[in-house]
Amino acid sequence: MSYNFYAYMDRMKYIKRWQLMRSVREENIMEHTQQVALFAHALSIINNKVLGGTANAEKTVLYALYHECSEVMTGDLPTPIKYFNRSIQGAYKDLEEKATDKLLTALPKEFKLELETVAKPQTDSLEYKLMKAADRLAAYVKCLEELRSGNKEFLKAEKSIRDDLLSRNMPEVEYFFKNFIPAFNLTLDELD
C-alpha cells in the first residue's frame, strides 16, 4: 500500500504566500515553514536558557514544521480575507481542520497517532504560543526583506505585524527583536 502524506507535504513548495501583494521575491510555504521552525527553536531557547522557562523545544519546532500542512489542500488564504470577520475566520478554521484530518488519513496508523498531536496542536500551550509568535516573526522578516529591496507595498504590513508582535508581551519576542532583528537589515558584507 502507498501513502500520500509526504507527497502532499512536498507540494508545499508550489504554494505561494503574500498572493495579494507584489513581492520582489516570491515565497512559498515550504521555505516559510523552515524559517518558522528556526525562529520557533530560537524562541524556545530564549524561553529556557535566557528566561529560565520550561518550553519543550522539540514540540515547538514540530508545531512549526506542520503549522501550514492544511494549505497543501486549501492554498494560502491571504490574511486580510482570513480575518475579515468572525464568520469567515471560523469557516476557514473549520476548513483547515478538515483538510488536516484528510491529510492524516494519508498515513499509516502508527504515523497518524504520532503526527496528529503536532498537526493539530494544543492551542493553549506555551509551545503553540511560541510557534505562533515565530510565524509572525517570519512574516515580519519578509516585510523587512521587501522594504530593503525598495518595495513599499509592505510598509503597512511591517508596522501592523511589528505592533502585533510587541503587543503580545512575550519576553521571548522582545529578546529576539532586540538581539536578532537588527541583523536582518544588514547586507552580506555588513554581516561579516
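Is Phe111 buried, exposed or partly exposed? Phe111 is partly exposed, at a relative accessible area of 39% (buried is under 20%, exposed over 50%, partly exposed in between, with a 1.4 Å probe and protein chains only). Before you click on: this is a predicted model, where local features need pLDDT of at least 70, side-chain atom pairs count only at pLDDT 80 or more, and totals for chains, interfaces and linings use all residues. Residues are numbered from 1 along each chain as its sequence is written, and side-chain values use heavy atoms, leaving out hydrogens and water.

Now select the aromatics: the structure holds 9 aromatic pairs (Phe, Tyr and Trp rings, the six-membered one for Trp, with centres within 6.5 Å; planes under 30 degrees apart are stacked, over 60 edge-to-face, the rest tilted). One of them is Tyr6 with Phe111, edge-to-face at 6.4 Å centre to centre and 75° between the planes. Tyr6 sits in helix H1 (residues 5-10) and Phe111 in helix H7 (residues 109-119), so this pair ties together parts 105 residues apart in sequence. (Helices are DSSP runs of H or I, at least four residues, numbered from the N terminus.) Tyr6 is partly exposed too, at 44%.

Next, pick Tyr140 and Phe177, a tilted pair: 5.1 Å centre to centre, 45° between the planes. Tyr140 is in H8 (residues 126-148) and Phe177 in H10 (residues 171-179). Tyr140 is buried at 5%, and Phe177 is buried at 14%.

Last stop: select Phe39, Tyr175, Phe176, Phe180 and Phe184, which form one aromatic cluster.

Key: Helix = DSSP H or I, 4+ residues; strand = E, 2+ residues; numbered from the N terminus.
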